[in-house]
Amino acid sequence: MTERSGWARFQEVIRRDRQFGLVTEEKSLALLADERSERASLMRQSWRQFRESMRRDRQFDFMVAWKDLELDVSHGPILYVEDLNVSFDGFRAINHLNFYVDAGELRCVIGPNGAGKTTMMDIITGKTRPDSGSVFFGQKIDLLRLSEPEIAAIGIGRKFQKPTVFEQHTVFENLELAMAGDKRVFPTLFARLRVAQRDRIDEVLCIIGLGEQVRRPAGALSHGQKQWLEIGMLLMQDPHLLLVDEPVAGMTHQEMDRTAELLLSLAGRHSVVVVEHDMDFVRSIARRVTVLHQGSVLAEGSMDEVQNDPRVIEVYLGG
Amino acid sequence: MPLTSPLPCRPPPRWLALWSLGLCLTWSLALAEPLAESLLMSSDDSATAAAPADRRPVAEPTAPAPPPGLAGTVDPAPPDAPAATTLPELAPAPATGPALATAAPAPADADDAAAAADLAAALAALTDRSFAVKEQAVADLAASGDPRAADLLKALLGGDLQARASDDRVVLTRRHGDGFALTDPLTGSDLGQVGRREVKRIVVNNRMRTALRAGIARLTLASPDPALRLRAAQETLTAPDPDSAAAMRERLPVEDDAQVRVLLQLGIGVADLGDPEPAVRLEGIAALAGSLQRPARNALRTLLASETDAEVRAAAQAALADIERLIEWNRHAQTLFFGLSLGSVLVLAAIGLAISFGVMGVINMAHGELIMLGAYTTYLVQGLLPNAIDWSLLVALPAAFIVSGVVGIVIEQTVIRFLYGRPLETLLATFGISLILQQAVRTLVSAQNVAVSSPTWMSGSLQINPVLSLTYNRIYILLFALAVFAVLLLILRRTALGLQVRAVAQNRAMARAMGVRSARVDALTFGLGAGIAGVAGVALSQLTNVGPNMGQAYIIDSFMVVVFGGVGNLWGTLVGGMTLGVANKLMEPWTGAVLAKILVLVLIILFIQKRPRGLFPQRGRAADA
Amino acid sequence: MGLLRSMKGDTGGLVLLAVLALVAILVPVLNLAVPADNPWHVSTFTVTLLGKYLTYALLALAVDLVWGYLGILSLGHGAFFALGGYAMGMYLMRQIGERGVYGHPVLPDFMVFLNYTELPWFWHGFDQFWFAALMVVLVPGLLAFVFGWLAFRSRVTGVYLSIITQALTYALMLAFFRNEMGFGGNNGLTDFKDILGFDLTARTTRVALFVISALMLAMAYLACRAIVTSRLGRVAVAIRDAEPRVRFIGYRVDRVKLALFTFSAMLAGIAGALYVPQVGIINPGEFAPLNSIELVIWVAIGGRATLYGAVIGAVLVNYGKTWFTGVFPEAWLFALGGLFVLVTLLLPKGIAGLAGQMRNLRRRRGEPTAPLPDTATEATP
């Protein structure tokens, strides 16, 4: 019965707020509706958990599966890529790659064309299946067993090299679609935008500076604006790990600085992996840099260390 | 209506009519088969040849070796007397065995005059009223071994040997105007013309007919021409009797043609089955073992029906089972051939599609209609060259290639050019074009199917053995499909156009940057695919009905082949087409044609789930783009 | 109401619904209340013809939902339509009872004719209307579900999907042509007598069927509109435009496709079920691939991804077909083929997009027209 009394108390608080003119009538109704649907979904979720736990045949598996899906970063790294191999028609795109990213880290990955940067991201996000090797998210979650949407759902977001936004949708709709939440079919069909969610979208619109364009179709945006929109979609997803492929291509210097600022601000709360060709940009944000070459790690360290590494110099200048 | 309807009071439903038609067909086929078998047999019987060829007939040990070169020369004398005398002991000749009785007195060293006199006497006896006398005369003629005797017997069988009313002289008659022209049957000298009433028919009864046939067979068995001997052996095999068996026994030792030998051995084997002695019957069974000839099977079955001796029964059963297994294998071979044949049709129909789809990403729903145009081109070419049907296809091939190719280029230039990169819309637009082409043919030519004739060299069939025959048109089309495939492969691999086509297929922008005129390459590629459709149409006109709707029948199958084989890979189309063809035909005996087709479609749908890019997918980065 | 909110901004849809309501009231009145010799009288034949157009419009709506909004060019929707039709046809067959030619109390005529001794198992239950009505949506829905589950899970997209949907309807056509299937083979199901006890030849029944068709069309329109204006609808359009991207933001693309495809197949089934009692026959010809492609062109002509465009296209093309086959039967295929070509080349947005296209042309007269974005295609293989 605490559930109901909690609900009653919430209603009481809202009513009082309205009486004192703290919230408008419209806003209060919206708040109530939000709260109700939140509670209902909580109830549904606990009921589902209960049902699941009652399945005798699955008891043990279910325990494992449940723990699996919880991100465990107790040992430091959030991403473990170990002994990864993949080849396309005999061409080894990834060759015994080992790569770790710590929780909260901002990591830059550089490397010449064909070094395997994009392929690595494809594997992490489930687009490409490797020939061998393992990719773990935290301690427990085996990414190779999950599909793209599942990987997205557990908190890995990706921005593509070529900005891909939904061109027929408005900026607002793009952000709305990317927003974290229940993305199954029926909840999506009946989804209503809650006040808190609308606020979040407004917030992100501010961050990416597209407040003016909110009703414009994304297809009508400039290249740089699309880049920003895609970063905004990434923010809406609120992932633990962000994979950002060439975020500043086609941006002006000012925009680049803002992007650098944004990525730096994300680090700490989120882990960020940035693939970028623009060395100035990399220097402006990088703490640790990984150099990929021919599908494996050539060097790793601070920007200065990497830049003075003779092998890196050879690859970039002598190769 | 050959059968009573099970539903007598209702109007006969369509299926009943079909059923009875089918029954009629089956019956007539069953009746015609032995005949067809004997007529069509023209090649080495591989299965029978595999049976031990050195198995000698019973008569062999006692028969003296034939004089060298005997078979090659005219052999006026009947086989040697000793052989003839041994025969009655071995072959159970009935008591009234006239042939043997008269064969004996004809000595090997008899001079020509005596033989001619015998012949004349026998001829004269034909005018006798008594059938017994006439039979005897026929037997005498057959036994004479005279080179003219076979013709005489044939003439008698055909009713051309008649008696002149005035003097009862036997003459050879030939219709001439209102009456007959007469010639002397022995000398061939002209005996003038007489009216219709002035000759009497020599009446021939059924027994005489049998004896005549046996006699002819026996005489032709000794003919110098191996082809004639082969025919004669086949004829005697289909209607074996003790007389012809004896003739075969006589012939076997001197026969040097392998095919004829095989048949002679079979015939003797069949005759042996009727022997009262089990050991001889076992010999007969051994001679028949492994033979695919229908008479061999029939003889074994007849034997089994009445056989009492356990050992012989077992041997006959084993032999029969063996033969049936062989037949089964041949049937499998036939199914495989039909499957490959269907596969070649599918490959022909699909390969042009594979080019436009694989290289240009264009879904050409009008492909079937381009095939149809090719078939109609064949029809028109044949209309222009009514006297050269045999050569018409050779003219039609380039003509169809040009007609369909030009139509294809026109389609590309007027419609598809504007729709690149939008495959679903090219699908709709080309579908519209297909409707227009269909209706155009209906309006300009006819809504009915048109008749396309087959050249003579494509009709008939290659008889591998009595149960396995491959029709020439299917063989040619199979070879043709492979040839088209090879040529296409060469064009794509070895020519400048092929290089440009592949370059455009892989990276259009880069190819253009390198100076490839991609618009021109597109037009030519599409034209090439369309032209091949036209060529396919020429081939299909030899197999199926040519009508305005024929294209539609192929379009879905063609797409299935391309999708199954994998886009952008010609080998995929070849393997895919052949696989689907064989799968279809393999399933047909179990499920029937329609269900087999449905199953194949369902299997492809399931296969696509498993391998969305077909058997031979493009891999790597390019495929992800 | 959510449904009403979803109509906001959909002028075309509102006009369409208004016209539909008007027609649904006016046509019955003009048929039933106006005497036959009055020029305003609408003949029962016309009522049935209009009813048929409306069921086609419903079918086109179903296609537009998956093609216009989801990018799935199904060349097999005719199959779902025909399956719904067969389910209804089976009910109508069972209603004939002893009035058949052979007077068998249970077995339909063709079964007596083919020497069936008892009803095949799948014919049981079809004597009940509720059961048949359930099957009208369940059978196409189930087929679409199984087919879609297989296809979408393994990411068969674009032209590959189109081709295998075409193979699906082709296989079904071959199957239904077989007498052994137990659906009347070549002749299909026909000679219906009555539905729910109402005589099918009666004028009032015809009018009622017409009104029901109009109602179903309106309801389906509202339902589709509700879906496409929901977040799921936006996800669908996102899938159409950039499928991989949708996956990377966490939507199960295969499930979204499956849900909408199944729903669309059910709509098609309902359309088929309304079609059969009005035309009085269902035969395997309805499965012909040609039909399925033809109905795609209705949508293309009307304008895809507008919903109301699909309805306009279906009615216009079918009216054209009726007119042509009456006046120049030879020319119909030329006209249809020409429509296919012209619409894809010149009217990629259909009639519904015509106004916008004209406006664009006028605005940038002199400039070359930019290529219109192709919204419904996948990456070429």
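## A tour of chain A

Select A:C206: at 65% relative accessibility this cysteine counts as exposed, where exposed means over 50% relative accessible area, buried under 20% and partly exposed in between (1.4 Å probe, protein chains only). This is a predicted model, in which local features need pLDDT of at least 70, side-chain atom pairs count only at pLDDT 80 or more, and totals for chains, interfaces and linings use all residues. Residues are numbered from 1 along each chain as its sequence is written, chains are lettered from A and ligands numbered from 1 in the order in which they are written, and side-chain values use heavy atoms, with hydrogens and water left out.

Next, select A:C108. Buried or exposed? A:C108 counts as buried because its relative accessibility is 0%. The model has zero disulfides over all chains, taking a disulfide as a pair of cysteine sulfur atoms within 2.5 Å.

Now colour by pLDDT, the predictor's confidence in each residue, from 0 to 100. Chain A averages 83, with 92% of its residues at 70 or more. Where pLDDT is low, the predicted coordinates should not be read in detail.

Finish at the sheet. Helices (H or I, at least four residues) and strands (E, at least two) are DSSP runs, numbered from the N terminus. Strands pair if DSSP finds at least two bridges between them. Four strands of chain A form an open, antiparallel sheet in the order β2-β1-β4-β5. Its edge strands are β2 (91–102) and β5 (141–142) of chain A, each pairing on one side only. Select β1 (77–88) of chain A: eight bridges join this strand to β2(A), antiparallel. Zoom in on A:S87, whose bridge partner in β2(A) is A:R92.
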